Amino acid sequence: MSKIHVLSIIRLLSTHYAMNNITIFSRIRTVFGSLSRLACTLLLACLAAGAHAQLDITVTGSGERLFPLIVPIFENEGSLPNSVSEVVRADLERSGLFRLIDISPLTLPESRPPDLAAMTARGAHAVVTASVVGSSGGRHEIRLRLFDTTRGEIGGMSIQMSPAQYRLTGHRIADYIYEKLTGIPGYFSTRIAYVVKNSQRYELHIADSDGMNPQPALRSPESIISPKWSPDGEQLAYVSFEARKPVIYIHTLATGQRRVLANFKGSNSAPAWAPDGRRLAVVLTKDGLSQIYLINADGSGARRLMTSSGIDTEPAWSPDGSSIYFTSDRGGSPQIYRFNVAGGGADRITFEGSYNVTPRPSPDGKKLTFMTRHDGHFRIAVLDLASRQTTILTDSSRDESPSFAPNSNMILYATVAGGKGMLSAVSVDGQIKQRLSIQAADVREPAWGPLLK
Amino acid sequence: MKKLLLPSLLILALGACGTTQEETAAVTDADSQQTGVKPVDVTRGTGPGDLPAWVNDPSRNSVFFDYDSFVIRSDARPIIDAHAQLLAQQPTRKVTIQGNADERGSREYNLALGQKRAEAVRSALRRQGANDMQIEAVSLGKEHPRCTASTETCYAENRRGDFVYLR
């Protein structure tokens, strides 16, 4: 398997107008403020092709008035075997924030300022001009500029690519446009990991964040759970039952090399990488019940972090590495607690209800998502750590394993519909919902990978 | 050194005794011990003894738990006693207790619940005289359901500890 994140070179071109991102973002927020209650469904045709079934993604819950944007077919795009602009449009559309206005077959060359009045007449608030220029040694360069229809040029970029990298290139361009227009980093060029169950076989898959390009990293006759990305995005830690007991492995994706991180007497589970990538919090039972230990990434130096008389599990680090959120039944029912790694006791974080588990702090450290039981249904909730306000984001009955997107704005989770496991994503404000599904397969245990620099 | 010295001394001692002219031969019990062959059979493992057939009986190799409970039920007592007795009779015999949980809730928390059940069985075995070195308590959480429907009957069947012996 070739390394997917072969870095493309991105350099910013001139930015004539120092556009305030916040202005445009607030414009998007205004549009959202007047959302129609009518939910529209966009079915993006990510058709299953080839040996591996793709994830189909359905977006629901967006309003009818979204931020209108033109991303035309790039000038000379026909010189590429696959369309890059199509990937950009699909990403932005799927985010649930934008409405893409189709002007094909018209192209808007990067070298000429666009007719903003004409684009405004077509309903656009922002316009992209882009061209595929020069190619040498099988590599192409895409040049692109971004215009606000009322304020003029707000940015531009150039990206070099080989034809095989058309998807990654499109994701990086979509990330750029998304960040310029919303002020929030994009998440399209990230990857997701998840487990597919097919009859009695389990496969750990890695796909682009849009569910395309899925590649099996591991096939096993036994279950695989709790995949966790290393901070550099090159390795996954996970729990495999191939030895008829839970054992933690670390798996380097590009080489397929895997090694045992923890195989102590009893069960070994719930790996969580420290932000520095050198240590992991894990759950071991070698001294009795499930307790949290710290272990070096090479498997050495396991030491117990906390001692309780009950269950402590599902550790998750705060982004600054100072504390660990975890699930414990020390108070009688499973609740979320926070432990200071430098020392001290554990603070209880959740109080409502009798079942709050799987804490996952957002990468910006402001929110905590978790699984909660509400009227007998398992749902995904988000807690604002500053205001202590909890919001339940989902409405089915078996939602689990929440995982934040690297921009802290979306939460990927597992759900069950029609007796079959599938993945869904929801925005932290609950407005945008996406469903990712594979025909005829059971999908679970999603983990959203980090932003790659 | 001692091992080498002892036979040498014996030979010297025998030589000192054997001073008669006529050679005599005798077949003694000691000789047959040296030439005899005692067969060793490892086709059934070098293990601690035969595994009795009853350990494969599904009604005797699982114990069940109530909802949200880790207490050994009274109907599990005779089962645990029988396994403890087997482990006491065969001190090098090893058993894995696999704890299981029903499908409700998070995978990792269910793994911890299954572990708590496996631990409860392990403690009960120890109290009945089994050695801790003979037992490994592990959990399969909700990953190995015996019954897959979302019904109370199924949930009850999946809240379980299994005794698994190596052949």
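The buried residues of H3(B) (buried: 20 or more other C-beta atoms within 10 Å of a residue's own, C-beta atoms being placed from the backbone) pack against four elements of chain B: strand E1 (62-64), strand E2 (95-100), helix H4 (107-127) and strand E4 (160-165). Helices (H or I, at least four residues) and strands (E, at least two) are DSSP runs numbered from the N terminus. This is a predicted model, in which local features need pLDDT of at least 70, side-chain atom pairs count only at pLDDT 80 or more, and totals for chains, interfaces and linings use all residues. Residues are numbered from 1 along each chain as its sequence is written, and chains are lettered from A in the order in which they are written.

The buried set of H3(B) consists of B:Ile79, B:Ile80, B:His83, B:Ala84, B:Leu86 and B:Leu87. Seen down the helix axis, these residues fall within an arc of 160° (taken over the directions from the axis to the C-beta atoms), so they line one face of H3(B). On the other side, B:Pro78 and B:Gln89 are exposed (12 or fewer such atoms).

In chain A, the domain assignment, automatic or from a database, gives domain 1 (10-43 + 63-182) and domain 2 (191-448). Their centres, taken over C-alpha atoms, are separated by 34 Å. Eight residues of domain 1 are in contact with eight residues of domain 2, contact requiring C-beta atoms, placed from the backbone, within 7 Å. On the domain 1 side, helix H2 (85-94) and helix H4 (166-182) of chain A each supply at least two residues, and H2(A) gives the largest share, three residues.

Between the chains, the contact takes 26 residues from chain A and 16 residues from chain B.

Note on methods. Two residues are in contact if their C-beta atoms, placed from the backbone, lie within 7 Å.
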